[in-house]
Amino acid sequence: MWYKKDLLGIKELSQKEILTILDVAKNFKEVAARPIKKVPTLRGKTVINLFFEPSTRTRISFEIAAKRLSADSLNFSSSSSSLVKGETIIDTALTLEAMAPDIVIVRHSKVGIPHKLASILKSSVVNAGDGAHEHPTQALLDAFTILEHKGKIEGLSVAIIGDISHSRVVRSNIHLLTKLGAKVRVAGPLTLIPPGFEKLGVKICKSIQSAVEGCDVIMALRIQKERQGRVFIPSLEEYYEMFALTPQTLKYAKEDAIVMHPGPINRGVEISSEIADSPRSVILDQVSAGVAVRMAILYLLANVKEKQDG
Ligand code: CP
């Protein structure tokens, strides 16, 4: 049973709703292993990918997820749309809705655009990343990957390292991991950690060594050069020395700790190639999980139930 029209953030989801999505995703995972990777579940439904920012993983995996469920999936390209003639985002969304889509997937650099569109559209809206606010489907696929490798989330220690200030991935992951009972530590240059961040229920560590010590899961975040209006780190080389995931810094983690990264990765900045390509890296498993998790989200939103009173 699913009652929410939209999926806008992990903050708004209950533990039960998170577990429902992960359970449904588990059922859809095996579709990728079939010779014919298609089920008729969403035949006749239409999904629009409305991305105002670049994406490889999220956009393509939503498109594959929709196609594997037999929905019609369309991609909106802002650079070749009437946005360049001055049409507003709201008018663009209303225009697309007039063509009767069932689900609209939205990514935008401004916080709250998916929420605004959800408030005016009858179609379900999925937040595929809004500014530095939330990226809920990334956190869900990360949780799915952790469950596949560790069998549980409750009680695990998770270290998230890097550009905390500009990351929507870290916020969604903190909401999800703490709701499911993991202990989360973060580390990065102090210029990239917002004041008061510990109020989200995480431990702030001064060094990567103290953050990864005894950890089960280590997640590197991308240094987001495109979101940094001014310089927050002295140099990428210095960042690599202080905060990159390398064989030296990972010595402090548990031997069976897994290494994650939402991608795209900056090799030689936040992670060394040796670690990114090592057996403990589950970065490509995260990408595969993205399809199953997004199939689950499309399936649940296309079958949303009206809540009955009493
Ligand atoms: N992790 C993620 O959102 O990647 P893309 O920007 O390629 O979609």
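**A ligand in its pocket, and some features beyond**

The ligand sits in the largest pocket. Keep in mind that this is a predicted model.

Start with the surroundings. Which residues surround the ligand? They are Ser55, Thr56, Arg57, Thr58, Arg107, His135, Gln138, Pro262 and Gly263. Six of its residues count as polar, two as charged and one as nonpolar.

Now look at individual contacts. Serine 55 places a polar side-chain atom 2.6 Å from an oxygen atom of the ligand. Threonine 58 also takes part: an N or O atom of its side chain is 2.6 Å from a ligand oxygen atom. Proline 262 uses its backbone instead. There, an N or O atom lies 2.9 Å from a nitrogen atom of the ligand. How much of the ligand's accessible area does the protein cover? On its own, the ligand has 260 Å² of accessible area, and the protein covers 90% of it.

Stay with the shell for a moment. Glycine 263 is one of the residues around the ligand. The peptide bond from glycine 263 to proline 264 is cis. Its omega is near -5°. Where is proline 264? Find it in the loop that runs between strand 9 (258-260) and helix 9 (273-276).

Another loop deserves a look. Helix 2 (57-68) and strand 2 (72-77) have a loop between them, and serine 70 is found there. Serine 70 has a phi near 70°. That is a positive value in a residue other than glycine.

Next, turn to the aromatic rings. The structure holds three aromatic pairs. One of them joins phenylalanine 28 and tyrosine 299. Two values describe a pair of aromatic rings: the distance of the centres and the angle of the planes. Why is the pair of phenylalanine 28 and tyrosine 299 called edge-to-face? The ring centres are 5.6 Å apart and the planes stand at 70°, so the pair is edge-to-face. Planes over 60 degrees apart fall in that class.

Phenylalanine 28 lies in helix 1 (residues 15-29), while tyrosine 299 lies in helix 10 (residues 283-302). The pair therefore ties together parts that are 271 residues apart in sequence.

Technical notes
Residues numbered from 1 in each chain as written. Predicted model: local features only at pLDDT ≥ 70, side-chain atom pairs only at ≥ 80, totals over all residues. Heavy atoms only, no water. Near = heavy atom within 4 Å. Polar contact = N/O pair within 3.5 Å; in protein donor to acceptor, adjacent residues only side chain to side chain. Areas by Shrake-Rupley, 256 points an atom, 1.4 Å probe, with all protein chains shown as cover. 1 Å grid on protein atoms, 1.4 Å probe; cavity = no way out; pocket = protein on both sides within 12 Å on 5 of 7 lines; lining within 4 Å. Sits in = over half its atoms within 2 Å of the grid points. Nonpolar A, V, L, I, M, F, W, Y, C, P; charged D, E, K, R; others polar. Phe/Tyr/Trp six-rings, centres within 6.5 Å; stacked < 30°, edge-to-face > 60°. Helix = DSSP H or I, 4+ residues; strand = E, 2+ residues; numbered from the N terminus.
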